[in-house]
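Reader: I have a structure open and want to go through it piece by piece. Can you take some questions?

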Amino acid sequence: MNLIVYHHRYRLAFGVFLLLELVVVMSQKRPQEDGKARPSEGNSPDQDKRRRVPTLRNVVQEVMKLQSVQHLLEPVLEPLIRRVVKEEVELALRKHLNNMKRNGGKEVNSSESRSLQLQFLNNLSLPVFTGARIEAEDCSTIKVAIVDALTGQIVTSGPESSAKVEVVVLEGDFDGDEEDNWAVEEFNNNIVKEREGKKPLLTGDAFLTLTEGIGLVGEISFTDNSSWTRCRRFRLGARVVDGSGGTRVREAKTESFIVRDHRGELYKKHHPPSLSDEVWRLEKIGKDGAFHKRLSRENINTVKDFLTMLCINPPRLRHILGTGMSAKMWEITVEHARTCVLDKRRHVYCPPGSQQKSGVVFNVVGQLTGLLSECQYLTTDKLSETEKVKLPLSNLIIIISLHFFTPFINGF
């Protein structure tokens, strides 16, 4: 638009110049007051000729003297200005329409390049150990996408949607500014390199190519822990290295995390735990620690044993762990144990003489799930208060505690 304005001013100035030339010609032809030319006294003809050469000042004076200057402005200058403005507007519109057609009907917004950014679509599975594959929370592959920061939508077309991306290791305390709008140099300065004499900090396939704006991180792992860095934590970062068409794409970073030595994986807690896991896999119960030894003395060796005792006699389990386990620790351990995924097996206790047509149904860890009445299974939420009172719970507790489980029909 600046060029159009300058061009317009040039044409307008040129038109004014032509008008002034017209005025000069008319002023030179204006008759003298006495009808004859009066040469200056004492001046030579050459001097008179030089004095008649018009200057800008003389022109302005002549224009001011002309009584018809107002008549000249209206019929000459005003139409000239209108024509110039009309031509420039029409030219600008033609250029704009041509640009619209070349870009498929979409305006080119110069700010789009500043609104594109990479983004990790899922969180990392923690903790992270050296030598172990870095995965997402649900043990799936880490995903990286390029998005429009203004709309949050994934960019599925254009050169940026198929860009080549590199995964790097960042300092854990790299936060950028308040709006996460850091400069490229700031991001690069926070990339962590391996220690002297060590292998590259990140091994595996650290490069990926986006497809319709989304890419999958390959098998990568750390070769060193994070204890030697300035904040003892790492972040993963992602940056575009090719295929962005020169457009600025802001880099991505994960939340900070600790990378532990692979020897610590031997003592890793499982989330969620399985029924067959050793009981020390639960939170707040350390391997060969005081709580582990107390439970082992009561034959509570697995997560299944822990959950069974928790269902049939929680006060007894709390007493076994002792006062060394605080109320807060107890809550954390119990909550972790209850995230265990149970299988669909069911067990039934049938009183003598019932011919196995009636009985109490419970799951694999002794939790009451329903009632068997005349070979019909009713879940606890469908039982009346009277039926719940008739349940032989005292006998059930004895049966469960002795592990006299009779396999029941699968599918309940």
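Reader: Start with the cysteines. How many disulfides does the count come to?

Author: The count comes to zero disulfides. Keep in mind that this is a predicted model.

Reader: Cys139, then: buried or exposed?

Author: Cys139 is exposed, and its relative accessible area is 55%.

Reader: And Cys340, buried or exposed?

Author: Cys340 counts as buried, at 7% relative accessibility.

Reader: Moving on to nonpolar packing. How many residues are in the largest nonpolar core?

Author: That core has 30 residues. Leu118, Ile134, Phe222, Phe234, Leu236 and Phe257 are those with the most contacts inside it.

Reader: Which strands each supply at least two residues of this core?

Author: Strand 1 (116-120), strand 3 (143-148), strand 4 (164-171), strand 8 (220-222) and strand 9 each do. There is also a second, separate core of 24 residues, and Cys340 belongs to that one, as do Val279, Ile320 and Val364.

Reader: Back to Ile134. What does Ile134 touch, not counting residues up to four places away in sequence?

Author: On that count, the contacts of Ile134 are Leu124, Val128, Ile142, Leu202, Ile220, Ser221, Phe222 and Leu236.

Reader: I see several Phe names coming up. How many aromatic pairs are there?

Author: The count comes to six aromatic pairs. One of them joins Trp228 and Phe234, edge-to-face, with 6.4 Å centre to centre and 75° between the planes.

Reader: Which residues do ring pairs link into a cluster?

Author: Phe222, Trp228, Phe234 and Phe257 are linked into a cluster by ring pairs. Phe234 counts as buried at 0% relative accessibility, whereas Trp228 is partly exposed at 27%.

Reader: Over how many bridges do strand 9 and strand 10 pair?

Author: Strand 9, residues 234-242, pairs with strand 10 over two bridges, in the antiparallel sense. The bridge partner of Gly237 in strand 10 is Lys253.

Reader: What about strand 12, which residues are buried there?

Author: In strand 12, residues 346-349, both faces are covered. Arg346 and Val348 are buried on one side, and His347 and Tyr349 are buried on the other.

Reader: And what does strand 12 pair with?

Author: Strand 12 pairs with strand 13, residues 359-363, over four bridges in the antiparallel sense. Tyr349 stands opposite Val360 in strand 13.

Reader: Last topic, helix 9. Which of its residues are buried?

Author: In helix 9, residues 314-321, the buried ones are Leu317, Ile320 and Leu321. Seen down the helix axis, the buried residues of helix 9 fall within an arc of 95°, so they line one face. Pro315 and His319 are exposed on the other side.

Reader: What do the buried residues of helix 9 pack against?

Author: They pack against helix 7 (290-297), helix 8 (303-312) and helix 10 (327-337).

Reader: Which residue follows helix 9?

Author: Gly322 follows helix 9, and the phi of Gly322 is positive, near 80°.

Note on methods. Residues are numbered from 1 along each chain as its sequence is written. This is a predicted model: local features need pLDDT of at least 70, side-chain atom pairs count only at pLDDT 80 or more; totals for chains, interfaces and linings use all residues. Side-chain values use heavy atoms; hydrogens and water are left out. Two strands pair if DSSP finds at least two bridges between them. A nonpolar core is a set of buried Ala, Val, Leu, Ile, Met, Phe, Trp, Tyr and Cys residues joined through side-chain atoms within 4.5 Å. Buried means under 20% relative accessible area, exposed over 50%, partly exposed in between (1.4 Å probe, protein chains only). Contact means heavy atoms within 4.5 Å. The arc is that of the directions from the helix axis to the C-beta atoms. A disulfide is a pair of cysteine sulfur atoms within 2.5 Å. Rings of Phe, Tyr and Trp (its six-membered ring) pair if their centres lie within 6.5 Å; planes under 30 degrees apart count as stacked, over 60 as edge-to-face and the rest as tilted.
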